[in-house]
Amino acid sequence: MEHLKKIIRDIPDFPEPGIIFRDITPLLRDHASMLQVTEHLVAPFKDSSITAVAAMEARGFIFGSLAAQALNAAFVPLRKPGKLPFTTESEAYALEYGNTSLEIHTDAVSSTDRVLLIDDLIATGGTAVAGCRLLERLGAEVAGCAFVIELDFLQGREKLNGYDIHTLLHY
């Protein structure tokens, strides 16, 4: 998987000074790499009886929907505030450069669901923790979390202690 690092582009000082943005856009243009990423993201969870894949807006949707298809599971969008039209639950969290929240439809998952949480990147872990809390608040079991990229120096994995975490690329 390390060869994918050559495809991912580093953008310095985005979205603000001092942050290096890992741009997956070139990866998205490469069909073979996208297939490989999808296969490797879901591999540890193939036999985990996953019923739904939840993913965060926006880049998480790309990998989450592919993972849901690969696992023959439902797809659950976790969205930014005010984007979902039905009754929602919300969870606030801190980013490495600000604060925001995630929302989920109240009927998106239930106590019978085993959910795989997917995002393109884990940094401080705030987004993933918020996603797990929302899913569990609605009664679902979080079977694991999978990320394309992990920014190890921000130690977001530590906030997800107790969850099965799988990451493809470490920076």
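Start by selecting Glu91 and Arg137: the two form a salt bridge (a side-chain nitrogen of Lys or Arg within 4 Å of a carboxyl oxygen of Asp or Glu), with the closest N and O atoms 2.1 Å apart. Glu91 lies in strand β5 and Arg137 in helix α4, so the pair ties together parts that are 46 residues apart in sequence. Helices (H or I, at least four residues) and strands (E, at least two) are DSSP runs, numbered from the N terminus.

The model is predicted; local features need pLDDT of at least 70, side-chain atom pairs count only at pLDDT 80 or more, and totals for chains, interfaces and linings use all residues. Residues are numbered from 1 along each chain as its sequence is written, and side-chain values use heavy atoms, with hydrogens and water left out.

Now colour by accessibility: buried means under 20% relative accessible area, exposed over 50%, partly exposed in between (1.4 Å probe, protein chains only). Glu91 is buried at 13%. Arg133 is partly exposed at 46%, and Arg137 is partly exposed at 40%.

Next, go to Arg157 and Glu150, a salt bridge with the closest N and O atoms 2.8 Å apart. Arg157 is partly exposed at 33%, while Glu150 is buried at 4%.

Across the whole structure, the search finds 10 salt bridges.
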